[in-house]
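Below are some notes for a colleague who has the model open. They follow a few local features in turn.

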Amino acid sequence: MRVIRKAALLAVMSAASLAPLVAAAPNSAAMVAAAPDSAATAAARETLSVSITSITPQVATSPTDEIKFTGTVRNDTGTALGPLRVRLRYTGERFFDRASMAAYQSDQNIATLPANVSRTSAMDVPALAVGGQATWTFTATPVQLGYQAFGVYRVAVDVSQNEVPISAQRTFLTYAPPTTPKPPRNKLAVALPVIDQPHRGSDETLFVDDKLSQSLSGKGRLADLARIAQEAPKSVTWFVEPSLLDDLKAMTKGYHVKTKDGTEGKPANDTAGTWLTTMSTALAASPVIATPYADPDVTALAHQGLDAQPGRAIELGGQTARALLNRNTQTSINWPPAGVLDADALDLLSVSPGKVTTVLLNSTNLPPQPPVTHTPDAAAMLDTVAGPVKALVADAELSRLFEPTAPTTVLLSTQRFIAETAMIAAEAGQVEPRSLVVAPSRRWDPNPTLVTSLLKTARKLPWLSMTTLDSIKPSKTATPRAGLTYTEQDRKEELSAKYLAPVREVASQAQLTASITGAKAPSAFDAAVLRLTSSAWRNNTRAGRVVTKLVGTAVDDQIDKIQITDAPRTLAGSNGVVPISVKNSLDKPVTLYIDVKSNDRARLQILSPPAPIEPLVIGGNQSGTLQVSMNATTSGDATVTVQLRTVDNLPYGKPQRLTIRTTGYTGIALVIVGAALTVMLAAVVTRILRRRSERRLARAGKSRENETV
């Protein structure tokens with residue numbers, strides 16, 4: 001406290017000497033003393049910065065270990081500054097919980113920096129030009145820093161002028177001397193996702209965008225994931241989304257990209273093939289989990305009645321991943337979107353054909369009950385309609401370190417990771433090793449240097465033991481959990497009923513294309529339909545609707561390849577048969593039924609066919625005809641509605657109206673017509689006989705004349 005009061009007093013006394021800095025950042029010095037959290041102070045920190053670039057060793061294990069700190073101080077104020085002093089600040093007081101560590105890291109108040117200022121670990125900078133940078137190096141031992149026991153300690157480096165701190169950088173030091181008993185060796189499982197969004201509709205070669213090609217090279221996201229995979233320990237568990245592999249496989253051949261004016265042809269992408277080979281090789285000895293195909297929004301599907309889709313996605317996902325990675329992949333572990341699900345979605349997963357036995361969840365989805373101040377074990381059990389399912393809960397803070405949301409450095413993140421895991425090992429009341437899980441967000445954009453550094457560090461820490469995700473089991477002393485907590489906000493983030501309504505229609509129509517083939521095999525549109533249910537569309541429903549329209553059009557085109565020929569038919573007489581012809585333009589045989597209904601029963605009736613009704617089987621690229629018995633009561637035109645139906649009695653395609661021309665005659669009309677025909681026939685016969693008689697008489701008369709002459 002005396003140091004803080006002294007700094008405040010010096011700030012007032014040295015206002016004149018701070019004039020150059022005040023010109024660059026107005027009122028910054030005064031704000032440090034009066035209100036250190038103000039915007040002016042933040043501006044000063046941005047313009048005059050101090051950075052720690054290395055700390056060796058990362059963990060001190062002996063009281064006399066020499067800890068070396070190096071870093072820089074840089075002047076971007078636009079004004080030359082000096083004299084400046086860079087100082088190491090510290091305290092011998094340990095952190096006692098992770099919450100206080102988080103508060104220390106987020107605190108931007110210079111007045112709350114560690115109270116002790118080292119007089120030996122300091123460096124004077126007489127002057128620092130505009131844009132100038134100075135390098136500093138400090139050394140200290142745990143004894144000099146006042147460290148006495150295993151734990152995590154505050155440390156910072158500040159830059160000051162006339163003893164008034166202007167800018168600082170905070171970090172953590174972990175001191176781990178030999179202790180009795182030794183800290184528990186907690187298990188750490190790291191789950192890393194390789195999940196993207198769908199990039200195709202239904203056509204195998206038509207992409208809705210070309211983002212994947214951009215992501216495969218340079219500092220692209222997929223290129224970074226491949227770099228991490230090549231360096232990662234074999235204990236890391238990988239969650240790979242199979243439709244991503246499918247899209248990349250399609251890119252290894254010539255493909256097309258949808259544009260505003262049509263499509264643009266693209267040559268085969270060799271980088272896509274190289275990426276697939278690299279990942280297959282890098283993950284050959286690591287546990288790989290295939291996510292459900294296209295990463296469907298399971299909770300939304302459960303809530304909107306699309307119960308069949310998650311099971312099919314799990315099945316297709318496993319098949320695709322095994323084929324494209326050339327290895328066995330698990331499907332029994334599920335990582336739901338955002339790591340959050342409710343009881344309905346969990347039940348749906350538990351009864352799926354792949355039978356999910358483990359779920360990886362966000363810590364907010366399965367909180368401890370009652371709340372605890374220590375770090376709970378990652379594993380718990382949940383009840384489902386199919387029996388118990390294991391839940392693994394990711395540690396939020398450790399996971400964020402793999403994917404920082406605020407500007408940081410590899411060094412600071414690594415020091416924080418060391419400190420967090422050491423603090424967990426030092427928590428009071430731990431009687432046996434606990435399990436910890438790291439799981440960054442599922443569509444992360446990782447920094448390969450950072451992630452690789454954290455993984456290498458984790459392997460070396462004596463209080464951690466890296467393990468695979470599936471090896472973690474609930475312990476006998478597991479922390480009680482409150483059960484699945486699914487909030488109203490979680491529900492709002494799902495794919496909406498409005499979005500999924502046309503998806504449901506496309507899915508039902510797509511299934512018809514499979515049912516008419518007579519086989520119970522999945523539809524050729526299964527993968528395309530699953531892409532429409534992807535959780536990737538949660539934040540981009542417009543793109544999802546574009547893909548839905550493309551798939552819907554393709555399904556309609558497939559259905560339209562089976563057509564009823566619409567030429568007018570004629571029914572001769574009051575009773576008879578009328579042929580109904582169906583053309584199959586597919587290259588495979590189909591089996592279907594034809595349902596015919598009269599639209600004017602007073603004029604035309606459809607006679608019931610004899611049971612049992614036989615289906616119409618039509619070969620590929622052939623036509624088939626069904627003879628339909630009809631009865632006409634009057635002559636003229638009548639219409640019937642013809643509907644094709646599947647073997648499950650579901651309508652196939654749209655109903656079609658046909659015109660039937662009838663020439664039927666009934667009752668007296670038949671008698672009159674018959675009598676008229678008889679009279680007409682008699683008259684014709686009489687006329688023929690009379691003409692024959694006349695010719696005979698003429699010939700006889702001529703013969704007599706010849707004889708007279």
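1. A residue is called buried here when its relative accessible area is under 20%, exposed when it is over 50%, and partly exposed in between. The model is predicted, and by that cut-off Arg170 is buried, because its relative accessible area is 8%.

2. Arg170 forms a salt bridge with Asp107, with the closest N and O atoms 3.8 Å apart. The pair links distant parts of the chain, since Arg170 belongs to strand β8 and Asp107 to the loop between α5 and β5, 63 residues apart. Asp107, with a relative accessible area of 22%, is partly exposed.

3. Which residues of helix α5 (residues 98-106) are buried? They are Arg98, Met101 and Tyr104, and because they fall within an arc of 115° when seen down the axis of α5, they line one face of the helix. The face turned away from this buried side carries the exposed residues Ala99 and Ser106. Among the elements that cover the buried residues of α5 are β7, β8, α13 and α14. At the start of the helix, a side-chain oxygen of Asp97 comes to within 3.2 Å of the backbone nitrogen of Ala99.

4. Strand β19 (residues 435-438) has Ser435 and Val437 pointing one way and Leu436 and Val438 the other, and all of these are buried. Strands β9 (residues 186-194) and β19 run parallel and are joined by four bridges; Val438 in β19 is the bridge partner of Val190.

5. The largest nonpolar core has 65 residues, and those with the most contacts inside it are Trp238, Leu248, Trp275, Phe417 and Trp463. Helix α14 gives the most to this core, with seven residues. Apart from it lies another core, of 45 residues, which includes Leu500, Val628, Met630 and Ala638.

6. Across the whole structure, a search finds 27 salt bridges. One of them joins Arg200 to Glu204, with the closest N and O atoms 3.0 Å apart; Arg200 counts as buried at 1% relative accessibility, whereas Glu204, at 48%, counts as partly exposed.

7. The side chains of Asp295 and Arg443 also meet in a salt bridge, at 2.8 Å from N to O. This pair links distant parts of the chain, with Asp295 in the loop between β14 and α10 and Arg443 in the loop between β19 and α15, 148 residues apart. Asp295 is buried, at a relative accessible area of 2%, while Arg443 counts as partly exposed at 31%. Elsewhere, salt bridges that share partners join Arg98, Asp395, Glu397, Arg400, Arg416 and Glu420 into one network.

Conventions: Residues are numbered from 1 along each chain as its sequence is written. This is a predicted model: local features need pLDDT of at least 70, side-chain atom pairs count only at pLDDT 80 or more; totals for chains, interfaces and linings use all residues. Side-chain values use heavy atoms; hydrogens and water are left out. Buried means under 20% relative accessible area, exposed over 50%, partly exposed in between (1.4 Å probe, protein chains only). Helices (H or I, at least four residues) and strands (E, at least two) are DSSP runs, numbered from the N terminus. Two strands pair if DSSP finds at least two bridges between them. The arc is that of the directions from the helix axis to the C-beta atoms. Contact means heavy atoms within 4.5 Å. A polar contact is a pair of N or O atoms within 3.5 Å; within protein, one must be able to donate a hydrogen and the other to accept it, and residues adjacent in sequence count only if both atoms are side-chain atoms. A nonpolar core is a set of buried Ala, Val, Leu, Ile, Met, Phe, Trp, Tyr and Cys residues joined through side-chain atoms within 4.5 Å. A salt bridge is a side-chain nitrogen of Lys or Arg within 4 Å of a carboxyl oxygen of Asp or Glu.
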